Amino acid sequence: MKSSHLIPAIFLLFLLISLSSNAQVGELRNNLSIGFNGGVNLNNVSFAPTSIKQKGLMGFGGGFTMRYISEKYFAMICGIQIELNYTQRGWEEEIENSTDTYSRNMNYLEIPFLAHLAFGRERGARAFINLGPQFSFLLNEKENFSNSWDPSNRLSDQYNKKAERMFDYGIMGGLGLEIRTGAGNFLLEGRYYFGLADFFNNSKKDPFSRSAHSVIMGRLTYLFDLKK
């Protein structure tokens, strides 16, 4: 791991700890909610030094969510949110002047640690921001070649090359709208994940200096309150 990549993640983790530890500043809350989330991913991978032309690869993402609201500071509702998700990532290449197709599915177990900041009513609708580091572990991967694939025409380093680093980390941010009702809380959110880790080795002797995930996500979340 490159130490420069760890700095943003460490800073955001420190922000989460600060938010929870400074709960005495505003109006105290003790709102604990749990539930589940699900949605779709639009995946790409950033390669360097040679870029690879890609289409967005669609995948699923979802899992369990826990959120704790600790305070209301003026108009801002502050808390932390932690998730345990299964998510499908990878990439699909856009191969010109050929009927060949190639994609790779990479399935991860991911844990986001997020600062949750909301603006609006205690009941009804309110907008929110989620921001923080995310850590993931690669469970498995699969390459998909078309039946017409001719390897002699595709001499590229990414083919038949397994991921060499199972641990992934990066920064996730999201914007959304929450509707709070007597039957529970319903959240619609758009997210973006920027990977800071590479899944291929990146030394000078390796073909890629960067191989990191980039994911646009749409999420629906349902939460019910354990403590209000």
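Let me start with one term. Buried means under 20% relative accessible area. Keep that cut-off in mind, because Arg180 has a relative accessible area of 10% and so counts as buried. One more thing before we go on: this is a predicted model.

Salt bridges come up first. How many salt bridges does a search of the whole structure find? Twelve. I will walk through three of them.

Start with Glu178 and Arg67. They form a salt bridge, and their closest N and O atoms are 3.0 Å apart. Look at where they sit. Glu178 is in strand 7, residues 167–181, and Arg67 is in strand 3, residues 57–73.

Next, Arg104 and Glu141. Their side chains meet in a salt bridge, 3.0 Å from N to O. Arg104 belongs to strand 5, residues 102–120, while Glu141 belongs to strand 6, residues 124–145. The pair therefore ties together parts that are 37 residues apart in sequence. Check the accessibility here. Arg104 is buried, at 1%. Glu141 is partly exposed, at 26%.

Now back to Arg180. Its side chain meets that of Asp225 in a salt bridge, 3.4 Å from N to O. Asp225 lies in strand 9, residues 210–227, and Arg180 lies in strand 7, so this pair ties together parts 45 residues apart in sequence. Shared partners matter here. Through them, salt bridges join Arg67, Arg126, Glu178, Arg180 and Asp225 into one network.

Now a charged residue without a salt bridge. Where is Asp198? In the loop between strand 8 and strand 9. Asp198 is buried, yet it has no salt bridge. The nearest side chain of opposite charge is Arg210, 4.3 Å away. Asp198 does have polar partners. Its side chain makes a polar contact of 2.6 Å with the side chain of Asn202. It also reaches the backbone nitrogen of Ser211, at 2.9 Å. Leave aside neighbours within four places in sequence, and Asp198 is in contact with Arg165, Ser209, Arg210, Ser211 and Ala212.

Arg210 leads us to Phe194. Phe194 is in strand 8, residues 184–195. With a relative accessible area of 38%, Phe194 is partly exposed. Its contacts beyond four places in sequence are Gly170, Ile171, Arg210 and His213. Ser214 is 20 residues from Phe194 in sequence, but their C-alpha atoms are 5.1 Å apart in space.

Last stop, the surface. There is a nonpolar patch of about 930 Å². Its members include Phe36, Phe60, Leu84, Ile111, Phe137 and Met166. Which strands each supply at least two residues of the patch? Strand 3, strand 4, strand 5 and strand 6. Met166 sits in the loop between strand 6 and strand 7. At 31% relative accessible area, Met166 is partly exposed.

That is the tour. Thank you.

Definitions and conventions:
Residues numbered from 1 in each chain as written. Predicted model: local features only at pLDDT ≥ 70, side-chain atom pairs only at ≥ 80, totals over all residues. Heavy atoms only, no water. Salt bridge = Lys/Arg side-chain N within 4 Å of Asp/Glu carboxyl O. Helix = DSSP H or I, 4+ residues; strand = E, 2+ residues; numbered from the N terminus. Buried < 20%, exposed > 50% of the residue type's maximum accessible area, 1.4 Å probe, protein only. Patch = residues over 30% accessible without salt bridge, like charges linked within 9 Å, V, L, I, M, F, W, Y side chains within 5 Å. Areas by Shrake-Rupley, 256 points an atom, 1.4 Å probe, with all protein chains shown as cover. Contact = heavy atoms within 4.5 Å. Lys, Arg positive; Asp, Glu negative; His and termini not counted. Polar contact = N/O pair within 3.5 Å; in protein donor to acceptor, adjacent residues only side chain to side chain.
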